Amino acid sequence: MTLNPITASAAGTWQLGDLTVNRTGFGAMRLTHLADGSPSDRDRVTGVLRKAVELGVNHIDTAAFYFSALRSANELINSALAPYADELVITTKVGPARAPGGDWWWATPEQLRGQVEENLRQLGRDHLDVVNLRIPRSQADASIAEHFGALAELRATGLIRHLGISNVSPGQFAQALTIAPVVCVQNAYGIGSPAEDHAFLDACGERGVAFVPFFAVAGSGREAGVVSQDGEAVRALAAAHGVSAAQLRIAWTLNRGPHVLAIPGTGNPDHLVENIAAGALRLSAEEIALLEAV
């Protein structure tokens with residue numbers, strides 16, 4: 001007998017403004033290339049996208065700067081999922097940009113409209129559900145007023161439905177709230193994060209703002225993926241629950257608060273099923289605290 005797989009609804013739901021999403025979503029960064037940097041298989045990754053939606057994923061995180069030599073994440077999403085279901089929420093990011101050769105640059109406030117329109121064109125949409133302003137690491141203490149204000153103006157025109165911020169400090173979060181409503185904060189976060197990151201996650205929940213961790217599985221490996229062995233506490237607790245260390249890492253972030261969303265990404269259909277299944281794992285308060293102290 002074949003058991004029905006666990007769906008994204010197992011993790012519960014959250015409101016991004018007026019948009020209801022299942023707390024387990026999908027990150028598109030891994031769609032465009034393999035771990036060694038070579039292009040992904042188009043049929044395989046479009047199949048992963050369709051399978052994700054079949055399994056209840058209705059929140060996809062992407063960006064126009066997610067591309068490889070042959071693949072664009074936005075174009076893959078468009079070709080796999082358009083026409084889009086009414087309940088599907090697509091979140092994107094602006095601020096960073098990449099030239100075709102791979103060189104990075106950062107948009108001025110005046111250039112953000114062009115980035116928004118690029119996402120609209122690639123995704124084949126007339127508006128963007130959520131746009132995150134991504135801040136470079138070097139600007140952790142800088143004002144984001146001009147950039148976020150420019151996006152707030154685009155929101156007023158109807159090109160953007162809701163706004164979020166990414167890779168930001170608590171001070172930048174507070175500044176953004178004085179300019180326009182913020183529905184989500186997307187920061188690097190996971191087991192092993194410092195105490196101030198745990199406090200920031202909790203502060204977002206107190207304001208009713210979603211916290212969306214990235215690199216929750218990769219940790220210090222960041223874009224390259226996991227590069228080190230999991231610690232003893234992670235391995236032991238994963239074994240106790242009969243799950244992989246990656247599943248435990250996803251589940252732990254979700255268990256940190258009802259406002260936390262997960263966006264694990266993969267181009268592997270088996271990993272997709274495992275990632276979504278992690279949303280059904282419930283940890284005790286003691287287990288959550290144990291891993292918070294790692």
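## About the model

Residues are numbered from 1 along each chain as its sequence is written, and side-chain values use heavy atoms, with hydrogens and water left out. Because the model is predicted, local features need pLDDT of at least 70 and side-chain atom pairs count only at pLDDT 80 or more, while totals for chains, interfaces and linings use all residues.

## The cavity and its lining

Let's start inside. The structure holds one cavity of 30 Å³ or more, and about 40 Å³ of space lies in the largest cavity. A cavity here is a set of points, on a 1 Å grid over the protein atoms alone, where a 1.4 Å probe fits but cannot get out; lining residues have an atom within 4 Å of a point. Points are joined across faces, edges and corners, and the volume is the space filled by probe spheres set on them.

The lining of the largest cavity is made by Leu16, His59, Asp61, Thr91, Asn132, Cys184, Gln186, Val212, Leu261 and Ile263. Strands β4 (59-61) and β10 (184-186) each supply at least two of its residues. Helices (H or I, at least four residues) and strands (E, at least two) are DSSP runs, numbered from the N terminus. By class, the lining has five nonpolar, four polar and one charged residues; Ala, Val, Leu, Ile, Met, Phe, Trp, Tyr, Cys and Pro count as nonpolar, Asp, Glu, Lys and Arg as charged, and the others, Gly among them, as polar.

## Leucine 261, a lining residue

Leucine 261 is one of the residues that line the largest cavity, and its place is in the loop between α8 and α9 (269-277). It counts as buried because its relative accessibility is 0% (buried means under 20% relative accessible area, exposed over 50%, partly exposed in between, with a 1.4 Å probe and protein chains only).

Not counting residues up to four places away in sequence, leucine 261 touches Trp14, Leu16, Val21, Arg23, His59, Ala210, Phe211, Val212, Pro213 and Leu254; contact means heavy atoms within 4.5 Å. Of these partners, Leu16, His59 and Val212 also belong to the cavity lining. Serine 72 is 189 residues from leucine 261 along the chain, with 24 Å between their C-alpha atoms.

## Two packed helices

Two packed helices are described by the angle between their axes and the distance between the axes. For helix α2 (residues 73-81) and helix α3 (residues 112-123), the angle is about 35° and the axes are 8 Å apart. Axes are lines fitted to C-alpha atoms, for helices over the stretch in contact, and angles run from 0 to 180 degrees between N-to-C directions.

On the α2 side, Asn74, Glu75, Ile77 and Asn78 meet Asn119, Gln122 and Leu123 of α3. The residues of this contact divide into two nonpolar, four polar and one charged.

Glutamine 247 lies in helix α8 (residues 245-255) and is buried, with a relative accessible area of 12%. A polar atom of its side chain lies 3.0 Å from the backbone oxygen of glutamate 274. Leaving aside neighbours within four places in sequence, glutamine 247 is in contact with Glu274, Ala277 and Ala278.

Asparagine 58, in the loop between α1 (42-54) and β4, is buried at 11% relative accessible area. Beyond neighbours within four places in sequence, its contacts are Thr20, Val21, Asn22, Glu87, Leu88 and Val89.

## Backbone details

Most residues other than glycine have a negative phi, and most peptide bonds are trans. Which peptide bond is cis, with omega near -5°? The bond from alanine 82 to proline 83 is, and proline 83 sits in the loop between α2 and β5 (89-94).

Asparagine 167 has a positive phi, near 65°. Its place is in the loop between β9 (160-166) and α5 (170-177), and it counts as buried at 17% relative accessibility. Phenylalanine 215 also has a positive phi, of about 60°; this residue is found in the loop between β11 (210-211) and α7 and counts as buried at 14%.

Methods
1 Å grid on protein atoms, 1.4 Å probe; cavity = no way out; pocket = protein on both sides within 12 Å on 5 of 7 lines; lining within 4 Å. Polar contact = N/O pair within 3.5 Å; in protein donor to acceptor, adjacent residues only side chain to side chain.
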